[in-house]
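Try each one yourself before reading its solution.

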Amino acid sequence: MQREQITYDDGVVYEFSPDLEAVTTVEPGAELTIETRDSLDGTIRTEADVIESIPSQVNAATGPIAVEGAEPGDVLRVEIEEIRLTEEQGRVITIGGFGLLDGEEGIESPRTRLLSVEGDTLAFGDLEVDVAPVIGTIGVATDSESYTTLVPHDHGGNLDTTDMTAGSVAYFPVFQEGAMLAMGDCKAAMADGEMCGTGAEIATEIDVTLEVVSDPDPGLERPLVETADAWKTIASAETLQEACKLANRDAVELLAAEHGWDATDAYMLSSLVGGLEISQVVDPLVTARNAVPKAYLDSPF
């Protein structure tokens, strides 16, 4: 099957809403290459370029892409095959009013550092940081509310989750016909938490394959990511504790369904083998995930 190219110029969104209009419609099994620009749309070119405050539009997400046959209640499966950097520098910035330590003594906002790509590493001064590309914003059309591409929620969006990388498979609940997938805001490197508010923001090309899981049992309320050795439920909320609770609840439901247990036994197992992880703590909502090793959860669908 020929790989279809979806470029930035084909269309981008700055909001995930119930009424997105597709830039293209593809069949299940479609193999795509999706072009993205950095989260600030190429405006940062030198270290003299700074961002005083969060712009009204950030994290342009290329798309949306409709998948034929995807209906509300289904699950969209996104296999992330490869993420290629398409420029020779990333940028990490601090922004006034944004970031975990914003306003604290010794933290200067705004500031920009450009990081040159040198093979498999980024140059941060005289230090080397491993290149490990991540998709920051990825999601589908929402159920009823609209959320900008700065905000994560049940549809996905600005999840800033390090597991959204090559070799992983992301799953999203379908809320609208066609699912309406869009993605962007990639980073050449980013730590869990994204503490200063950015990773190494950079333009990319992303190879993905899309499938539809029809009538899943159990269903999916929020995003899920499959890595080589674990299934990780992902949840976003106003507080980290609430995000952790939602992610744990989702993991409990998957464990209970697979093993035929009640919620309490599944909850107890999650406390033995699961692992809570922080995705990001800087967006309008915070995001956490709960990892369940595949030894205890074979497949949710």
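This is a predicted model: local features need pLDDT of at least 70, side-chain atom pairs count only at pLDDT 80 or more; totals for chains, interfaces and linings use all residues.

**Exercise 1.** Work out the strand order of the open nine-stranded sheet, and find its edge strands.

*Solution.* Start by walking across the sheet: the order is E1-E5-E18-E7-E16-E19-E20-E22-E21, and the pairing is mixed. Next, look for strands that pair on one side only: these are E1 (4–6) and E21 (275–280), the edges. Now zoom in on E5 (residues 31–36) and E18 (residues 204–213), which run antiparallel and share six bridges. Within this pairing, Ile 34 has Ile 206 in E18 as its bridge partner.

**Exercise 2.** Classify the ring pair Tyr 171 and Trp 231: stacked, edge-to-face or tilted?

*Solution.* First check the distance: the ring centres are 5.7 Å apart, and the cut-off for a pair is within 6.5 Å. Then take the planes: they meet at 45 degrees, so the pair is tilted. Finally, place the residues: Tyr 171 is in strand E16 (residues 169–173) and Trp 231 is in strand E20 (residues 230–237), 60 residues apart.

**Exercise 3.** Decide whether Tyr 171, Trp 231 and Phe 301 are buried or partly exposed.

*Solution.* Buried means under 20% relative accessible area. Tyr 171 has 5%, so this residue is buried. Trp 231 comes in at 4%, so buried again. Phe 301 has 31%, so this one counts as partly exposed. Put together, Tyr 171, Trp 231 and Phe 301 make one aromatic cluster.

Note on methods. Residues are numbered from 1 along each chain as its sequence is written. Side-chain values use heavy atoms; hydrogens and water are left out. Two strands pair if DSSP finds at least two bridges between them. Helices (H or I, at least four residues) and strands (E, at least two) are DSSP runs, numbered from the N terminus. Rings of Phe, Tyr and Trp (its six-membered ring) pair if their centres lie within 6.5 Å; planes under 30 degrees apart count as stacked, over 60 as edge-to-face and the rest as tilted. Buried means under 20% relative accessible area, exposed over 50%, partly exposed in between (1.4 Å probe, protein chains only).
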